[in-house]
There are 2 protein chains.
Amino acid sequence: MMRRLMLIGCLALPAMAAAQEGSVGIVEKRVFSMPSYTTVGGATIRDVKVGWEAYGQLNAARDNVVIVPHFFTGNSHAAGKYKPEDAAPGYWDAIIGPGKAIDTGRFYVVAVDSLVNLNTKDPNTTTTGPATTNPDTGKPWGMAFPIVTMRDFVNVQKALLDSLGVTRVHAAIGASMGSMQALEWAAAYPDLVQRVAPVIGVGEADAWTIGRVELWAQAITLDPNWNNGDYYGRAEPTAGLALALKLVTLDARHWGWADKAFGRKLAKEGDSPLASWNNRYAITATLDAVGAARARTGDANHFLYLVRANQLFVAGHENGGLEAGLARIKAKALFLPAKSDLLLAPENARKSVDILRRLGKQAEMVEIDGDGGHLDGVLAVSRVGPQIRRFMD
Amino acid sequence: MMRRLMLIGCLALPAMAAAQEGSVGIVEKRVFSMPSYTTVGGATIRDVKVGWEAYGQLNAARDNVVIVPHFFTGNSHAAGKYKPEDAAPGYWDAIIGPGKAIDTGRFYVVAVDSLVNLNTKDPNTTTTGPATTNPDTGKPWGMAFPIVTMRDFVNVQKALLDSLGVTRVHAAIGASMGSMQALEWAAAYPDLVQRVAPVIGVGEADAWTIGRVELWAQAITLDPNWNNGDYYGRAEPTAGLALALKLVTLDARHWGWADKAFGRKLAKEGDSPLASWNNRYAITATLDAVGAARARTGDANHFLYLVRANQLFVAGHENGGLEAGLARIKAKALFLPAKSDLLLAPENARKSVDILRRLGKQAEMVEIDGDGGHLDGVLAVSRVGPQIRRFMD
């Protein structure tokens, strides 16, 4: 500690500011339950449960909430650690904490697991979806689970905030699929939500996104173990899910990142891919390892439901399409697309910003610089920390 | 004819120039055979056959050859039609013909099928690969076929040109994998090749390309019918090959194209993807149709061999890597990447142009404008017709 203080004493002013930033510390997962929930499509799901975490304190007026929905493969672990020895903190720890861009000294930050969250086998995720037991049959829902949308994810989150007596949402902010939910929050509950910040997000899934996520899904349905979604209690479509997750991993990146991280490096020096089919490149070996690891905690059917929810996304879900949906929004908006994003391109974010402005609303856009691709919105989000901090004020 | 002449009489000068452009007309596929070929990897293949087409006339000096290798899913049908009633001419008909950018009034244009060409079930493709009967066993090679490289593709093409007594290659030009072969021509036979024009091409497969094509391949190996490549005479891995070809189709495009061609249009008006898993978007239905159609004429093992050949590509295949390989080239180079290419990015083409220039060689780069993605190098190549025409002079 002495050594640390001495070091701080030697540092210049910007570092002093950084020294005031802290961690939210040890966090715990909670579970929110609803006896039943009726989807946008009109189906009723009994015994709905989703996990959530909160950082900071809810104020007396209960109006200092920042809601943080998660991205496609993520969960509600946005900041802090469960145990001091955890390898890494939550995914947005760089911007959530005391003194950070989303200042937990001021805000009560609520991060929630979505319905049909991918990570059903991760003990720190709680979700309801096709892998959940249907109380009416005593068996997993499988593909009989109703098709759900971002609005459904948001409505369950709204029920959680209602249970806390929240009177106002200071901001809805999320990355990727989290940004879709954030926009959906603003469109669904315009009088509640003051600010919306879609990070690597867009107002609607365009044809490109619809097509890309579809091909992810088809890797799963190609696996014979998928068996039309009926695989619980037997061999699961792990290989198909792993390939889907490899596609996610690469689609969320960019050639700039790939070239720097791997280049043409071999998986094993001297084992040329000309000599044998077993000899690989470093990038393909890494994709295989990442896909296999992520598939171990995921559920293939949940993945398919997430794909459909993403394809169905148009902010506001109005018959009139994107413009009619965005017209519902009263919140100030700050779009933060990643410059090198190949999945949800900045042009697509720009489209929503232009519509919002044409409608007379406050909307800004700042690009996250970098060549890391879509994932820059998670791994490099601190690059727009100052912009997020200002927007929160 | 009278009507046509009258119309021409009314047209202004630029149109007159266009009117002088013609079709190569009816073309025929020929077959080149080699009793045996020894690969870069040291394996010998007996009875090698590849298809080829030629447009224009070989001159007396036999020095007016333009060699045109083909792209990943293509074959040697680069211009003209087999029958007047063919739906479409060869893929580069816009730039190959009398008076066109690659003027068959001056040049003898030779297009050749590669080894392990994908389209084994297309009667207009002739190739040698894993689906070919191994004369030593009387059975298809399967995955026992030797791993081959762009250099192998080029060496077989070189044997064809040798058989014609060709003394000089005026230019090597190709799109995508065709551009890799064109560069390999220039690096392997520097005293023979005068010009090289890689269209949507790069000097080496970078980590991004290695990763993307790997995931295409894994769609095939995930299909249980693949059976480690041993499927001849039984059910083939058609579903896996179809998914691989859907990935190719989308990866070769761009969100700009997808949005204009499909937007959020449904496959069938009124059938919302919220209501049923069977209800689809227009883009996903089209991808399915394209993938299924292309899979019908393709061979899954050949696809895997093409993937490996692409991954192995570094122009010149020198131990010293890209710079050592490019150092072998004496030809003038014109790189023509597509501005919106997400597969072989212009930055990667630029890297080779910079190296060639640093080495004191003549190298230029002109981007093909557009938002059609990689495929702009095939479908929109006429946008750089004037640049190709000048380069050929």
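Start by selecting residues 30-38 and 44-55 of chain A: these are strands β1 and β2, and they pair in the antiparallel sense over eight bridges. Keep in mind as you look that this is a predicted model. Now pick A:Thr38 and look across to β2(A), where A:Thr44 stands opposite. β1(A) and β2(A) form a hairpin, with five residues between them. Click on A:Gly42 in the turn: its phi is positive, about 95°.

Next, bring in the second chain. Select helix α5 of chain A (residues 207-222) together with helix α6 of chain B (residues 238-251). Their axes come within 11 Å and cross at roughly 165°, which makes α5(A) roughly antiparallel to α6(B). Is the crossing left-handed or right-handed? For α5(A) and α6(B), it's left-handed.

Show side chains here. On α5(A), the contact is made by A:Gly211, A:Arg212, A:Leu215, A:Gln218, A:Ala219 and A:Leu222. Facing them from α6(B) are B:Ala239, B:Gly240, B:Leu243, B:Lys246, B:Leu247 and B:Leu250. Color this contact by class and you'll get seven nonpolar, three polar and two charged residues.

Finally, zoom out to both chains: 43 residues of chain B are in contact with 43 residues of chain A. On the chain B side, the elements giving two or more residues are α5 (207-222), α6, α7 (255-261), α8 (282-297) and α9 (300-311). Which of them gives the most? That's α5(B), with 10 residues. Color the side of chain B that touches chain A by class, and you'll find 25 nonpolar, nine polar and nine charged residues.

Technical notes. Residues are numbered from 1 along each chain as its sequence is written. Chains are lettered from A and ligands numbered from 1 in the order in which they are written. This is a predicted model: local features need pLDDT of at least 70, side-chain atom pairs count only at pLDDT 80 or more; totals for chains, interfaces and linings use all residues. Two strands pair if DSSP finds at least two bridges between them. Helices (H or I, at least four residues) and strands (E, at least two) are DSSP runs, numbered from the N terminus. Axes are lines fitted to C-alpha atoms, for helices over the stretch in contact, and angles run from 0 to 180 degrees between N-to-C directions. Angles under 35 degrees count as roughly parallel, over 145 as roughly antiparallel, 65 to 115 as roughly perpendicular and the rest as oblique. A crossing is left-handed if the near helix is turned anticlockwise from the far one by less than a right angle, and right-handed if clockwise. Two residues are in contact if their C-beta atoms, placed from the backbone, lie within 7 Å. Ala, Val, Leu, Ile, Met, Phe, Trp, Tyr, Cys and Pro count as nonpolar, Asp, Glu, Lys and Arg as charged, and the others, Gly among them, as polar.
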